[in-house]
Amino acid sequence: MSLNSKLNNFVVRFANVNGTGSASANHMFAKAIFRMGIPVTPKNIFPSNIQGLPTWYDVRISEKGYLGRKEGIDMMVCMNPQSMLQDIKSVSVGGYFMYDSTKVLHADFIREDIHYIGIPFTEICNKEYTDPRQRQLFKNIIYVGALSTLLNIEFGVLEGLVQDQFKGKEKLIAPNINALQLGVDYVMQNFKYPLDLQVERRDLLKDKILINGNTAAGIGAVYAGATVASWYPITPSTSLVEAYEKYAEKLRIDANGKRNFAVVQAEDELSALGMAIGANWNGARSFTATSGPGLSLMNEFLGLAYFSELPVVLVDVQRSGPSTGMPTRTQQSDLLLAAYASHGDTKHILLLPATPAECFEMMLDAFDLADQLQTPVMVLSDLDLGMNDYISSPLVFPEDRKYQKGKVLTAEDLQGMTKFGRYLDTDDDGIPYRTIPATHPTKGSFFTRGSSHDEYAVYTEDSPTYVRIVDRLTKKFETAKSMVPAPRFYSSENKSKYAMVFFGTSTYAAEEAMDILREQGLEIDALQIKAFPFSSSVNDFIEAHDQVFVIEQNRDAQMRSLLVNELEIDPKKLKKVLNYDGTPITANFIATTILSALGVQPVLKEGVVI
Amino acid sequence: MSYTRPKFAHPALPKNKLGYTRKEYEGSLTTLCAGCGHDSIGAAIVEACWEMNIEPHKVAKLSGIGCSSKTPAYFLSNSHGFNSVHGRMPSVATGANLANKELIYLGVSGDGDTASIGMGQFVHVIRRNLNMTYIVMNNGCYGLTKGQDSATADVGSKNKQGNINMFEGIDLCALALELGATFVAQSFSGDKAQLVPLIQAAMSHPGFALINVLSPCVTFNNNVGSTKSYDYVREHVHATATLDYVPPMEEITTAYDQDETKLVKMHDGSWLQLHKLSQAWNPEDKVSTMNALQEAHKKNKILTGLLYVDESSKDLHELLETSDTPLNLLPQSALCPGQEKLDAINAKFR
Ligand SMILES: Cc1ncc(C[n+]2csc(CCOP(=O)(O)OP(=O)(O)O)c2C)c(N)n1
Ligand code: SF4
Ligand SMILES: [Mg+2]
């Protein structure tokens, strides 16, 4: 045990008022720690509101590289009088509470078991600045300066960040550095520093980047060759399409100054998906992004694309449902809706990214799979991953990676054919050949329809034909199992009769929980599911264990339902570990739930909070 | 490379400049009721495309759901078709058009498909000035679901059950004008002579072109008292002018009277010749068209023919400044920026 268990290992929470410009100051704080080579995970906790309501920004610093959420606040930076009482209560015993001491704290706000760091931010700002907006904005920078001294953040790193931020607006650099210095000076003159909470430079991050999932997915869509993006604004997916557009504007302008892409803000999600389907039908890679309410609206079109066998990519950045639910809180609760979206017998391909790098890669995969399998592919991200920065491997597009366009017939192919059958299973893999409009003057045209059709795309209500077609779709889904991203195993051999499976952002907390459980003497095998349908290795893994904990962020254990339904696993074998309160799941929650399910009494070591 | 044309063309059948007979523009056999107006419109589409020497495979035909939306199966079988979902053809057409700006997009819809479930998409495709021809086969009822009143049924119109419609009918042409449509026309399925040049003009128009075609449903809405029956429509149509479509490169040879005839030059070099114009109406002046529609409405007349055209507007591709090469033809080398650029992006996130 190190002398200082808080070195590079603590949580800071910023309490701000929405719309006061605190976001960029808070981001600067997190980025400074990132640039000191220390694993850091910032999280925005914000209301569905534009201005005036409380927002929080949690920064977890973890030398061990744990990137999931952690309960317990070691340092609260409270800049919001409205939430102050609640904020004081949320500080861990022995923690710190930084506040604006321009006004004296009322006795009700005093706790004996925490430390108070009062800095007269308003007074300092009023003295230094005359413009009210400046007073507001620089207050944020001053607290970052104050924290840097208290927590031992290198001042040079902050200077570097200010210089980067204001590249092109150099006039703003000096005033911002000055504001940082005001905070530094006040701490130096009034407090002992650094605190036991402190950071120390490491080299743990190497070539890692700090990026959110939506940005990575947006860049992924550019790299995947998407040319048409149609969408309808909805939190938390909006920034994904915005990222696509931003990077396309930079990277997809041709020699004539024209765009090699089109972005259309549709009138609703039905239209957004309709456009994406129309573009794919006509041979252009196209996608849309949405969240739960949009996915509900898109159901009819998903059924059309499934039955008429058209590729389309849809990103669902999940948020807390049902209905409007908690629009700015996270969840993994669209799984069942997405897997079986639309009426009739339908099944869809789902990709389940856990990291920004996976968001990027799975966008590349999604477009390839949609084209190869001629069916909708949904990438199910969530608010936590989409809108928060995560430490991630850099984005990589392998030199030799070629777009997989699947079975598309050329004019030459058609020329040699006597009769083209759009829905013939020529290769016995359930995947037919398609043609793009205008390929050949007299061959290859057909009528795409959502009504029942035969192998030649002709309308039919003949029962045997209908059954043949829908059974072939099942066969195609079987083929998909070996094409979708394989699950991730954590060891080459199973070591335990217990296992846990998880997906998406639950992965971070689950990985940390494995370490906690190991410390408690419980070895547990683990699997990160990356796609639906499940490959046979998912089945084998579950088969090989007596008890499997399914960790997910929804009330109804939706992944567990999918596993039971698709793999015909005995439900008793699959134990639920469910977090659905809208905050990201934590390792402690997972570990305690598993231990109590197994009847194990946790052995508490010093510094281990269970 | 060369392509063999189908062999079934009878040598005696007339051929167009591409060497195609009308057969190459036809579709499979209709399954609509005998005498349905929709089939006459399909025949006019065949005629218009054949006369215009359009390569059939360069047309994409799209529709929603309804008897009307089935018709794309009955014309242009060498064109790709897309029978989408009820009321959502405009969005599918928008995506398709964005993917390939070089095709001719022909959308077919019904009055239920357009004026009720699809109203949202109809309104927005007009706003975006998507380069397409949008034909509404308007029978004032839901044919496929057995004759319920639609939103274009006129107030006071009697349906087959004898019920009188209480609700105001939506005038799709007036609505389209209001929304900034750049080509608006109205016609009658029984008037092929008018319909064919209108379809040709609409296809030449470089933006959104609406043709609202009154197309009686013989099975459910052809009774006495219905304002969408054959007899009623035939008796109440009133043409703004007669119309000739003159293809690009062809000279206008017929002499014409300045007062009675108007020439409209289309973007692609073709001409529209309008003869015997109604008074106080100019197809290039939206206000006069609005007035003419209102006047006709007051007198229980159904104004047909070209109503409004604006050849100067920008279509969606121009507005979005998309590349000259269709987006669906761009190769990976034009689409994927490569790892070097990605390294620079990664660096920005450190
Ligand atoms: C979502 C949905 N709701 C209802 C229907 C049933 N439906 C099929 S066609 C139709 C109305 C068609 O009317 P219209 O567009 O005027 O076409 P018509 O048959 O008159 O040519 C309806 C309501 C459907 N196919 N889809
Ligand atoms: S029901 Fe009416 S609209 Fe439908 S095919 Fe018959 S006549 Fe035409
Ligand atoms: Mg109708």
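Student: Which residue does A:Arg60 form a salt bridge with?

Tutor: A:Glu512 is the partner, and the closest N and O atoms are 2.8 Å apart. Keep in mind that this is a predicted model.

Student: OK, and how many salt bridges are there between domain 1 and domain 3 of chain A?

Tutor: The count is 1 salt bridge. For polar contacts, 4 residue pairs turn up across that interface.

Student: How many residues are in contact between domain 1 and domain 3 of chain A?

Tutor: 9 residues of domain 1 of chain A touch 10 residues of domain 3 of chain A. Together the two domains bury about 730 Å², with 53% of that on carbon and sulfur atoms.

Student: Which three residues of domain 1 of chain A supply more of that area than any other three?

Tutor: A:Tyr66, A:Leu67 and A:Arg69, which supply 65% of what domain 1 of chain A buries against domain 3 of chain A.

Student: Switching to chain B, how many helices and strands are there?

Tutor: Chain B has 12 helices and 13 strands. Its C-alpha trace spans about 75 × 50 × 45 Å along the principal axes.

Student: Why does the radius of gyration of chain B agree with a compact globule?

Tutor: Because a compact globule of 350 residues would come out near 20 Å, and chain B has 21 Å.

Key: Residues numbered from 1 in each chain as written. Chains lettered and ligands numbered in written order. Predicted model: local features only at pLDDT ≥ 70, side-chain atom pairs only at ≥ 80, totals over all residues. Heavy atoms only, no water. Contact = heavy atoms within 4.5 Å. Buried area = accessible area lost by both parts, 1.4 Å probe. Salt bridge = Lys/Arg side-chain N within 4 Å of Asp/Glu carboxyl O. Polar contact = N/O pair within 3.5 Å; in protein donor to acceptor, adjacent residues only side chain to side chain. Helix = DSSP H or I, 4+ residues; strand = E, 2+ residues; numbered from the N terminus. Rg over C-alpha atoms; globule rule 2.2 N^0.38 Å.
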